[in-house]
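Student: I would like to go through the charged side chains of this model. Could we begin with the salt bridges?
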Amino acid sequence: MINNAFYRNTILAKKIQAIRGMNDILPEQSAIWQYLEGTVANLLKRYCYQEIRTPIVEQTALFKRSIGEVTDIVEKEMYTFEDRNGDSLTLRPEGTASCVRACEEHGLLYNQIQRLWYTGPMFRHERPQKGRYRQFHQIGVETFGMTGPDIDAELIILSARLWKELGIYDAVTLELNSLGSSQARAEYKEALVAFLAERKDQLDEDSQRRLDSNPMRILDSKDPNTQALLDGAPVFDDYIDQESKEHFEQLCAMLDAAGISYTLNPRLVRGLDYYCKTVFEWTTTELGAQGTVCAGGRYDGLVEQLGGRTTPAVGFAMGVERLILMLETLNVIPESVTNKPQIFIAAVGEGVASHGLLLGEVLREQTDLRVQMHCGGGSFKNQIKKADKSGADIALIMGENEAANSEVAVKFLREAREQETVSQSDIVAYLEKVLN
Ligand code: ATP
Ligand code: MG
(Lines give C-alpha, C1' and ligand atoms only; values in the text may rest on other atoms or scores of the structure.)
(Ligands and ions follow the chains in the order given, each with its own letter.)
Protein backbone atom coordinates (compact mmCIF):
# COMPACT_ATOMS: atom_id res chain seq x y z
CA MET A 1 0.00 0.00 0.00
CA ILE A 2 1.29 3.47 -0.84
CA ASN A 3 1.68 5.82 2.11
CA ASN A 4 -0.84 8.62 1.54
CA ALA A 5 1.30 11.58 2.51
CA PHE A 6 4.19 10.26 0.49
CA TYR A 7 1.92 9.85 -2.50
CA ARG A 8 0.52 13.37 -2.22
CA ASN A 9 3.83 15.11 -1.67
CA THR A 10 6.19 13.21 -3.86
CA ILE A 11 4.31 11.54 -6.64
CA LEU A 12 1.60 14.07 -7.33
CA ALA A 13 3.30 17.43 -6.98
CA LYS A 14 5.68 19.21 -4.74
CA LYS A 15 3.79 21.89 -2.82
CA ILE A 16 4.69 25.44 -3.62
CA GLN A 17 5.68 27.43 -0.58
CA ALA A 18 5.90 31.13 0.26
CA ILE A 19 9.09 32.99 -0.53
CA ARG A 20 11.71 32.96 2.21
CA GLY A 21 11.36 35.93 4.52
CA MET A 22 7.82 36.70 3.32
CA ASN A 23 5.18 35.76 5.83
CA ASP A 24 1.54 34.88 5.74
CA ILE A 25 -0.48 36.66 8.38
CA LEU A 26 -2.85 33.96 9.53
CA PRO A 27 -6.39 34.50 10.85
CA GLU A 28 -5.28 34.05 14.44
CA GLN A 29 -2.78 36.90 14.02
CA SER A 30 -4.88 39.23 11.91
CA ALA A 31 -6.94 40.40 14.89
CA ILE A 32 -3.73 41.71 16.48
CA TRP A 33 -2.73 43.42 13.24
CA GLN A 34 -6.13 45.08 12.98
CA TYR A 35 -5.88 46.19 16.60
CA LEU A 36 -2.47 47.77 16.06
CA GLU A 37 -3.39 49.38 12.75
CA GLY A 38 -6.69 50.59 14.17
CA THR A 39 -5.03 52.11 17.23
CA VAL A 40 -2.50 53.95 15.05
CA ALA A 41 -5.10 55.16 12.56
CA ASN A 42 -7.29 56.44 15.36
CA LEU A 43 -4.38 58.25 17.02
CA LEU A 44 -3.21 59.86 13.78
CA LYS A 45 -6.71 61.09 13.06
CA ARG A 46 -6.73 62.87 16.43
CA TYR A 47 -3.49 64.63 15.42
CA CYS A 48 -5.02 65.53 12.02
CA TYR A 49 -2.68 63.42 9.89
CA GLN A 50 -4.12 62.20 6.59
CA GLU A 51 -3.48 58.87 4.96
CA ILE A 52 -1.77 58.63 1.57
CA ARG A 53 -1.62 55.42 -0.47
CA THR A 54 1.00 54.97 -3.14
CA PRO A 55 1.86 52.04 -5.43
CA ILE A 56 4.10 49.26 -4.15
CA VAL A 57 6.29 49.44 -7.26
CA GLU A 58 8.18 52.53 -8.38
CA GLN A 59 10.88 53.36 -10.87
CA THR A 60 14.23 52.17 -9.54
CA ALA A 61 15.73 55.64 -10.00
CA LEU A 62 13.42 57.04 -7.31
CA PHE A 63 15.03 54.96 -4.59
CA LYS A 64 18.56 55.29 -5.91
CA ARG A 65 18.27 59.03 -5.93
CA SER A 66 16.59 59.43 -2.56
CA ILE A 67 17.98 56.69 -0.33
CA GLY A 68 21.49 57.02 -1.77
CA GLU A 69 23.62 54.77 -3.97
CA VAL A 70 26.02 53.74 -1.21
CA THR A 71 23.47 52.69 1.40
CA ASP A 72 22.83 49.06 2.36
CA ILE A 73 19.34 49.27 0.94
CA VAL A 74 20.34 50.36 -2.54
CA GLU A 75 23.60 48.42 -2.68
CA LYS A 76 22.25 45.04 -1.70
CA GLU A 77 18.68 44.93 -0.46
CA MET A 78 16.36 46.08 -3.24
CA TYR A 79 14.01 43.86 -5.21
CA THR A 80 14.70 45.29 -8.63
CA PHE A 81 13.44 43.79 -11.89
CA GLU A 82 12.82 44.67 -15.48
CA ASP A 83 9.28 45.35 -16.55
CA ARG A 84 8.12 43.77 -19.82
CA ASN A 85 8.97 46.94 -21.68
CA GLY A 86 12.48 47.09 -20.26
CA ASP A 87 11.96 49.70 -17.52
CA SER A 88 13.81 49.09 -14.28
CA LEU A 89 11.28 48.84 -11.45
CA THR A 90 11.72 48.23 -7.72
CA LEU A 91 9.44 46.97 -4.97
CA ARG A 92 9.51 49.82 -2.48
CA PRO A 93 12.03 49.25 0.34
CA GLU A 94 10.58 52.14 2.37
CA GLY A 95 7.83 54.71 2.09
CA THR A 96 9.35 58.18 2.28
CA ALA A 97 10.57 58.34 -1.32
CA SER A 98 7.20 57.27 -2.72
CA CYS A 99 5.42 59.74 -0.49
CA VAL A 100 7.59 62.63 -1.68
CA ARG A 101 7.21 61.53 -5.29
CA ALA A 102 3.42 61.40 -5.03
CA CYS A 103 3.20 64.74 -3.23
CA GLU A 104 5.37 66.43 -5.83
CA GLU A 105 3.51 64.85 -8.69
CA HIS A 106 0.18 66.13 -7.39
CA GLY A 107 1.35 69.54 -6.23
CA LEU A 108 0.80 68.93 -2.53
CA LEU A 109 4.01 70.51 -1.33
CA TYR A 110 4.58 73.96 -2.73
CA ASN A 111 3.70 76.57 -0.09
CA GLN A 112 1.70 74.02 1.81
CA ILE A 113 1.81 72.17 5.06
CA GLN A 114 1.15 68.46 4.97
CA ARG A 115 0.83 65.92 7.72
CA LEU A 116 0.61 62.48 6.13
CA TRP A 117 0.81 58.83 7.01
CA TYR A 118 0.84 55.53 5.16
CA THR A 119 1.02 51.85 5.89
CA GLY A 120 1.85 48.77 3.90
CA PRO A 121 4.42 46.19 2.94
CA MET A 122 8.06 47.07 2.21
CA PHE A 123 10.61 44.80 0.58
CA ARG A 124 14.27 44.31 1.39
CA HIS A 125 16.47 41.37 0.54
CA GLU A 126 18.00 40.88 3.99
CA ARG A 127 18.87 37.74 5.94
CA PRO A 128 15.57 36.68 7.50
CA GLN A 129 15.57 36.29 11.28
CA LYS A 130 13.37 37.26 14.21
CA GLY A 131 12.16 40.81 13.59
CA ARG A 132 13.80 41.00 10.17
CA TYR A 133 11.98 39.86 7.06
CA ARG A 134 12.07 40.36 3.31
CA GLN A 135 8.51 41.53 3.13
CA PHE A 136 7.75 43.51 6.26
CA HIS A 137 5.30 46.26 7.10
CA GLN A 138 5.78 49.82 8.14
CA ILE A 139 3.50 52.54 9.33
CA GLY A 140 5.12 55.79 8.30
CA VAL A 141 4.39 59.40 9.12
CA GLU A 142 5.74 62.29 7.01
CA THR A 143 5.29 66.02 7.43
CA PHE A 144 6.19 68.78 4.98
CA GLY A 145 6.54 72.53 5.08
CA MET A 146 7.57 73.08 8.70
CA THR A 147 11.09 74.17 9.61
CA GLY A 148 10.95 74.58 13.38
CA PRO A 149 11.71 72.03 16.08
CA ASP A 150 8.06 72.07 17.19
CA ILE A 151 7.02 69.65 14.48
CA ASP A 152 9.94 67.37 15.34
CA ALA A 153 8.64 67.45 18.90
CA GLU A 154 5.05 66.78 17.79
CA LEU A 155 6.15 63.63 15.98
CA ILE A 156 8.02 62.34 19.00
CA ILE A 157 5.21 63.24 21.40
CA LEU A 158 2.71 61.54 19.09
CA SER A 159 4.77 58.37 18.97
CA ALA A 160 5.15 58.43 22.76
CA ARG A 161 1.38 58.65 23.10
CA LEU A 162 1.05 55.66 20.80
CA TRP A 163 3.37 53.59 22.99
CA LYS A 164 1.28 54.59 25.99
CA GLU A 165 -1.97 53.63 24.31
CA LEU A 166 -0.45 50.29 23.33
CA GLY A 167 0.91 49.74 26.84
CA ILE A 168 4.58 49.51 25.84
CA TYR A 169 5.87 52.93 26.88
CA ASP A 170 7.90 51.54 29.77
CA ALA A 171 9.68 49.11 27.45
CA VAL A 172 10.98 51.62 24.89
CA THR A 173 13.77 54.18 25.00
CA LEU A 174 14.07 57.29 22.87
CA GLU A 175 17.51 57.90 21.36
CA LEU A 176 18.15 61.29 19.91
CA ASN A 177 20.85 62.98 17.88
CA SER A 178 21.42 65.84 15.48
CA LEU A 179 23.25 65.36 12.20
CA GLY A 180 23.51 69.10 11.62
CA SER A 181 23.53 70.74 8.22
CA SER A 182 24.97 68.97 5.21
CA GLN A 183 27.93 71.37 5.28
CA ALA A 184 28.71 70.73 8.94
CA ARG A 185 28.38 67.05 8.28
CA ALA A 186 30.75 67.23 5.31
CA GLU A 187 33.41 68.95 7.43
CA TYR A 188 32.97 66.45 10.21
CA LYS A 189 33.06 63.57 7.74
CA GLU A 190 36.43 64.75 6.50
CA ALA A 191 37.85 64.87 10.02
CA LEU A 192 36.39 61.48 10.84
CA VAL A 193 37.80 59.89 7.70
CA ALA A 194 41.23 61.40 8.37
CA PHE A 195 41.17 59.95 11.87
CA LEU A 196 39.93 56.51 10.83
CA ALA A 197 42.10 56.19 7.71
CA GLU A 198 45.18 56.21 9.94
CA ARG A 199 43.68 53.30 11.87
CA LYS A 200 42.08 51.49 8.96
CA ASP A 201 43.60 48.09 9.80
CA GLN A 202 41.90 48.19 13.22
CA LEU A 203 38.43 48.62 11.73
CA ASP A 204 36.04 45.74 11.07
CA GLU A 205 35.60 44.68 7.47
CA ASP A 206 32.30 46.48 6.87
CA SER A 207 33.65 49.70 8.31
CA GLN A 208 36.78 49.51 6.14
CA ARG A 209 34.53 49.34 3.11
CA ARG A 210 32.40 52.22 4.39
CA LEU A 211 35.42 54.43 4.94
CA ASP A 212 35.23 55.39 1.28
CA SER A 213 31.56 55.04 0.58
CA ASN A 214 29.60 56.03 3.71
CA PRO A 215 31.94 56.87 6.62
CA MET A 216 29.20 58.22 8.92
CA ARG A 217 27.72 54.72 9.08
CA ILE A 218 30.91 53.56 10.82
CA LEU A 219 29.67 55.44 13.88
CA ASP A 220 26.89 52.93 14.39
CA SER A 221 29.02 49.86 13.68
CA LYS A 222 28.10 46.94 15.93
CA ASP A 223 31.75 45.83 16.15
CA PRO A 224 33.15 46.35 19.70
CA ASN A 225 36.71 47.07 18.49
CA THR A 226 35.48 49.68 16.07
CA GLN A 227 33.33 51.20 18.80
CA ALA A 228 36.34 51.34 21.15
CA LEU A 229 38.40 52.98 18.44
CA LEU A 230 35.69 55.60 17.97
CA ASP A 231 36.06 56.72 21.58
CA GLY A 232 39.07 58.72 20.48
CA ALA A 233 37.55 60.00 17.23
CA PRO A 234 36.52 63.61 16.55
CA VAL A 235 33.06 64.37 17.94
CA PHE A 236 30.34 65.99 15.89
CA ASP A 237 29.49 68.40 18.68
CA ASP A 238 32.64 70.34 17.72
CA TYR A 239 31.41 70.66 14.14
CA ILE A 240 27.66 71.20 14.37
CA ASP A 241 26.42 74.48 12.86
CA GLN A 242 24.77 77.08 15.08
CA GLU A 243 21.33 76.79 13.51
CA SER A 244 21.18 73.02 13.92
CA LYS A 245 22.50 73.31 17.44
CA GLU A 246 19.74 75.73 18.43
CA HIS A 247 17.13 73.63 16.67
CA PHE A 248 18.26 70.62 18.65
CA GLU A 249 18.36 72.45 21.96
CA GLN A 250 14.84 73.75 21.43
CA LEU A 251 13.63 70.29 20.55
CA CYS A 252 15.17 68.87 23.72
CA ALA A 253 13.53 71.63 25.78
CA MET A 254 10.12 70.83 24.26
CA LEU A 255 10.54 67.15 25.05
CA ASP A 256 11.58 68.03 28.59
CA ALA A 257 8.46 70.17 28.95
CA ALA A 258 6.34 67.29 27.66
CA GLY A 259 7.92 64.95 30.19
CA ILE A 260 9.45 62.70 27.56
CA SER A 261 12.82 61.34 28.54
CA TYR A 262 15.49 60.56 25.98
CA THR A 263 19.08 59.48 25.66
CA LEU A 264 21.47 61.54 23.59
CA ASN A 265 23.32 59.20 21.27
CA PRO A 266 25.98 61.01 19.22
CA ARG A 267 26.58 57.82 17.25
CA LEU A 268 23.02 57.54 15.99
CA VAL A 269 23.30 58.28 12.26
CA ARG A 270 20.53 56.22 10.54
CA GLY A 271 21.08 54.14 7.46
CA LEU A 272 19.69 56.48 4.84
CA ASP A 273 21.42 59.38 3.16
CA TYR A 274 18.71 61.96 3.31
CA TYR A 275 18.59 62.90 6.99
CA CYS A 276 19.77 66.21 8.48
CA LYS A 277 19.39 67.86 11.88
CA THR A 278 17.13 65.70 14.08
CA VAL A 279 17.35 61.92 13.98
CA PHE A 280 15.73 59.60 16.50
CA GLU A 281 15.00 55.98 17.22
CA TRP A 282 12.73 54.25 19.67
CA THR A 283 14.47 51.09 20.77
CA THR A 284 13.68 48.19 23.07
CA THR A 285 15.67 45.47 24.76
CA GLU A 286 12.71 43.07 24.50
CA LEU A 287 13.40 41.85 20.97
CA GLY A 288 17.06 40.85 20.99
CA ALA A 289 19.21 42.18 18.16
CA GLN A 290 16.34 43.75 16.20
CA GLY A 291 15.68 46.39 18.83
CA THR A 292 14.61 49.43 16.80
CA VAL A 293 10.84 49.65 16.58
CA CYS A 294 10.55 53.15 15.17
CA ALA A 295 13.03 55.44 13.47
CA GLY A 296 13.01 58.77 11.76
CA GLY A 297 14.28 62.26 11.44
CA ARG A 298 14.40 65.46 9.48
CA TYR A 299 15.11 65.42 5.75
CA ASP A 300 15.01 69.00 4.52
CA GLY A 301 17.03 68.23 1.40
CA LEU A 302 15.10 65.32 -0.04
CA VAL A 303 12.31 67.08 -1.93
CA GLU A 304 14.85 69.22 -3.75
CA GLN A 305 17.03 66.18 -4.39
CA LEU A 306 14.03 64.62 -6.15
CA GLY A 307 13.49 67.67 -8.33
CA GLY A 308 11.08 69.76 -6.23
CA ARG A 309 11.55 73.09 -4.49
CA THR A 310 13.35 73.16 -1.16
CA THR A 311 10.83 71.86 1.36
CA PRO A 312 11.47 71.15 5.02
CA ALA A 313 10.31 67.70 6.07
CA VAL A 314 10.35 65.36 9.07
CA GLY A 315 9.04 61.85 9.43
CA PHE A 316 9.41 58.43 10.93
CA ALA A 317 8.51 54.84 10.23
CA MET A 318 7.71 52.04 12.61
CA GLY A 319 8.12 48.33 12.00
CA VAL A 320 4.75 46.65 12.42
CA GLU A 321 6.13 43.10 12.90
CA ARG A 322 8.48 44.28 15.64
CA LEU A 323 5.69 46.15 17.40
CA ILE A 324 3.48 43.08 17.28
CA LEU A 325 6.30 40.95 18.66
CA MET A 326 6.57 43.46 21.48
CA LEU A 327 2.84 43.44 22.24
CA GLU A 328 3.02 39.65 22.42
CA THR A 329 6.23 39.51 24.46
CA LEU A 330 4.94 42.04 26.98
CA ASN A 331 1.52 40.41 27.02
CA VAL A 332 -0.34 43.69 26.61
CA ILE A 333 -2.89 42.75 23.96
CA PRO A 334 -6.36 43.48 25.37
CA GLU A 335 -8.61 40.45 25.77
CA SER A 336 -11.16 42.05 23.47
CA VAL A 337 -8.67 41.68 20.60
CA THR A 338 -9.89 38.42 19.14
CA ASN A 339 -11.71 37.01 16.16
CA LYS A 340 -13.53 34.47 18.29
CA PRO A 341 -17.31 34.54 18.18
CA GLN A 342 -19.21 35.53 21.30
CA ILE A 343 -22.44 33.91 20.20
CA PHE A 344 -22.77 30.64 18.33
CA ILE A 345 -26.09 29.84 16.70
CA ALA A 346 -26.94 26.16 16.38
CA ALA A 347 -29.88 25.15 14.23
CA VAL A 348 -31.05 21.65 15.10
CA GLY A 349 -33.94 20.05 13.22
CA GLU A 350 -35.99 20.15 10.05
CA GLY A 351 -36.40 23.52 8.38
CA VAL A 352 -34.86 25.57 11.19
CA ALA A 353 -31.77 26.84 9.37
CA SER A 354 -33.52 29.92 8.03
CA HIS A 355 -34.85 30.72 11.53
CA GLY A 356 -31.25 30.53 12.78
CA LEU A 357 -30.04 32.82 10.00
CA LEU A 358 -32.77 35.34 10.75
CA LEU A 359 -31.95 35.31 14.46
CA GLY A 360 -28.35 36.07 13.53
CA GLU A 361 -29.50 39.03 11.45
CA VAL A 362 -31.53 40.42 14.35
CA LEU A 363 -28.44 40.30 16.55
CA ARG A 364 -26.19 41.92 13.95
CA GLU A 365 -28.77 44.61 13.30
CA GLN A 366 -29.16 45.53 16.96
CA THR A 367 -25.82 44.70 18.58
CA ASP A 368 -22.09 44.67 17.87
CA LEU A 369 -21.75 41.07 19.01
CA ARG A 370 -19.66 38.65 16.99
CA VAL A 371 -22.20 36.05 15.99
CA GLN A 372 -21.28 32.84 14.20
CA MET A 373 -23.99 30.79 12.54
CA HIS A 374 -23.49 27.06 12.31
CA CYS A 375 -24.09 26.07 8.70
CA GLY A 376 -24.44 22.50 7.54
CA GLY A 377 -26.84 20.94 10.05
CA GLY A 378 -25.93 17.92 12.18
CA SER A 379 -26.95 16.56 15.55
CA PHE A 380 -27.38 18.64 18.70
CA LYS A 381 -24.33 17.05 20.26
CA ASN A 382 -22.20 17.70 17.23
CA GLN A 383 -23.21 21.34 16.95
CA ILE A 384 -22.62 21.99 20.66
CA LYS A 385 -19.17 20.50 20.30
CA LYS A 386 -18.49 22.98 17.50
CA ALA A 387 -19.94 25.80 19.57
CA ASP A 388 -17.56 24.96 22.37
CA LYS A 389 -14.59 24.77 20.03
CA SER A 390 -15.44 28.13 18.46
CA GLY A 391 -14.62 29.88 21.72
CA ALA A 392 -18.09 31.45 22.00
CA ASP A 393 -19.53 32.22 25.44
CA ILE A 394 -23.08 31.36 24.56
CA ALA A 395 -24.82 29.00 22.16
CA LEU A 396 -28.25 29.98 20.95
CA ILE A 397 -30.09 26.86 19.94
CA MET A 398 -32.81 27.03 17.37
CA GLY A 399 -34.76 23.77 17.43
CA GLU A 400 -38.10 22.90 15.83
CA ASN A 401 -40.05 23.80 19.01
CA GLU A 402 -38.22 27.07 19.48
CA ALA A 403 -38.80 28.02 15.85
CA ALA A 404 -42.51 27.21 16.17
CA ASN A 405 -42.85 29.27 19.39
CA SER A 406 -40.63 32.21 18.34
CA GLU A 407 -38.23 31.31 21.11
CA VAL A 408 -34.62 30.31 21.38
CA ALA A 409 -32.71 28.19 23.89
CA VAL A 410 -29.70 29.78 25.55
CA LYS A 411 -26.86 27.49 26.57
CA PHE A 412 -23.96 28.87 28.59
CA LEU A 413 -20.71 27.39 27.36
CA ARG A 414 -18.25 28.85 29.89
CA GLU A 415 -20.16 28.74 33.14
CA ALA A 416 -22.18 26.16 35.03
CA ARG A 417 -25.58 27.69 34.51
CA GLU A 418 -28.93 26.22 33.59
CA GLN A 419 -30.04 26.40 29.99
CA GLU A 420 -32.88 28.89 29.52
CA THR A 421 -35.55 29.48 26.95
CA VAL A 422 -36.06 33.09 25.91
CA SER A 423 -38.58 34.69 23.61
CA GLN A 424 -36.93 35.91 20.38
CA SER A 425 -38.33 39.38 20.92
CA ASP A 426 -36.49 39.58 24.25
CA ILE A 427 -33.23 38.01 23.17
CA VAL A 428 -31.25 41.21 22.57
CA ALA A 429 -32.08 42.66 25.97
CA TYR A 430 -31.44 39.26 27.55
CA LEU A 431 -27.98 38.91 26.00
CA GLU A 432 -27.02 42.45 26.91
CA LYS A 433 -27.86 41.60 30.50
CA VAL A 434 -26.06 38.26 30.75
CA LEU A 435 -22.96 39.33 28.84
CA ASN A 436 -22.17 42.18 31.22
P1 ATP B 1 17.62 48.16 11.08
O2 ATP B 1 18.72 48.97 11.67
O3 ATP B 1 16.91 47.29 12.08
O4 ATP B 1 18.03 47.43 9.84
P5 ATP B 1 16.68 50.29 9.43
O6 ATP B 1 17.46 51.45 9.89
O7 ATP B 1 17.08 49.58 8.19
O8 ATP B 1 16.52 49.21 10.62
P9 ATP B 1 14.41 51.86 8.63
O10 ATP B 1 14.72 51.81 7.22
O11 ATP B 1 14.60 53.12 9.36
O12 ATP B 1 15.15 50.66 9.38
O13 ATP B 1 12.91 51.36 8.87
C14 ATP B 1 12.13 51.77 9.99
C15 ATP B 1 11.70 50.58 10.82
O16 ATP B 1 11.21 49.52 10.02
C17 ATP B 1 12.81 49.93 11.62
O18 ATP B 1 13.05 50.62 12.79
C19 ATP B 1 12.24 48.56 11.88
O20 ATP B 1 11.34 48.61 12.97
C21 ATP B 1 11.49 48.27 10.62
N22 ATP B 1 12.28 47.42 9.71
C23 ATP B 1 13.31 47.79 8.90
N24 ATP B 1 13.77 46.75 8.19
C25 ATP B 1 13.00 45.67 8.56
C26 ATP B 1 12.97 44.30 8.16
N27 ATP B 1 13.78 43.81 7.23
N28 ATP B 1 12.06 43.49 8.76
C29 ATP B 1 11.20 43.97 9.68
N30 ATP B 1 11.17 45.25 10.09
C31 ATP B 1 12.07 46.10 9.54
MG1 MG C 1 18.25 47.91 7.81
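Student: Which residue forms a salt bridge with Arg-53?
Tutor: In this predicted model, Arg-53 pairs with Glu-51, and their closest N and O atoms are 3.0 Å apart. Arg-53 is exposed, with a relative accessible area of 70%, whereas Glu-51 is partly exposed at 33%.

Student: How many salt bridges are there in the whole structure?
Tutor: A search of the whole structure gives 21 salt bridges.

Student: What about Arg-209 and Asp-206: what separates them in helix H8?
Tutor: They are three residues apart in helix H8, so about one helical turn lies between them.

Student: Which residue does Glu-243 meet in a salt bridge?
Tutor: Glu-243 meets Lys-277, at 2.8 Å from N to O. This pair links distant parts of the chain, with Glu-243 in helix H10 and Lys-277 in strand S9, 34 residues apart.

Student: Is Lys-277 buried or exposed?
Tutor: Lys-277 is buried because its relative accessibility is 9%, under the 20% limit. Glu-243, in contrast, is exposed at 54%.

Student: Turning to surface patches, which residues gather in the negative one?
Tutor: Asp-237, Asp-238, Glu-246 and Glu-249 form that patch of negative charge on the surface. Glu-249 belongs to helix H10 and is partly exposed, at 46% relative accessibility.

Student: And which residues make up the positive patch?
Tutor: Lys-381, Lys-385, Lys-386 and Lys-389 gather there. Lys-385 lies in helix H14 and is exposed at 62% relative accessibility.

Definitions and conventions
Residues are numbered from 1 along each chain as its sequence is written. Chains are lettered from A and ligands numbered from 1 in the order in which they are written. This is a predicted model: local features need pLDDT of at least 70, side-chain atom pairs count only at pLDDT 80 or more; totals for chains, interfaces and linings use all residues. Side-chain values use heavy atoms; hydrogens and water are left out. Patches are made of residues with over 30% relative accessible area and no salt bridge: like charges are joined within 9 Å, nonpolar side chains (Val, Leu, Ile, Met, Phe, Trp, Tyr) within 5 Å. Accessible areas come from the Shrake-Rupley method with a 1.4 Å probe; for residues, only the protein chains shown count as cover. A salt bridge is a side-chain nitrogen of Lys or Arg within 4 Å of a carboxyl oxygen of Asp or Glu. Lys and Arg count as positive and Asp and Glu as negative; His and the chain ends are not counted. The place of a charge is taken as NZ of Lys, CZ of Arg, CG of Asp or CD of Glu. Helices (H or I, at least four residues) and strands (E, at least two) are DSSP runs, numbered from the N terminus. Buried means under 20% relative accessible area, exposed over 50%, partly exposed in between (1.4 Å probe, protein chains only).
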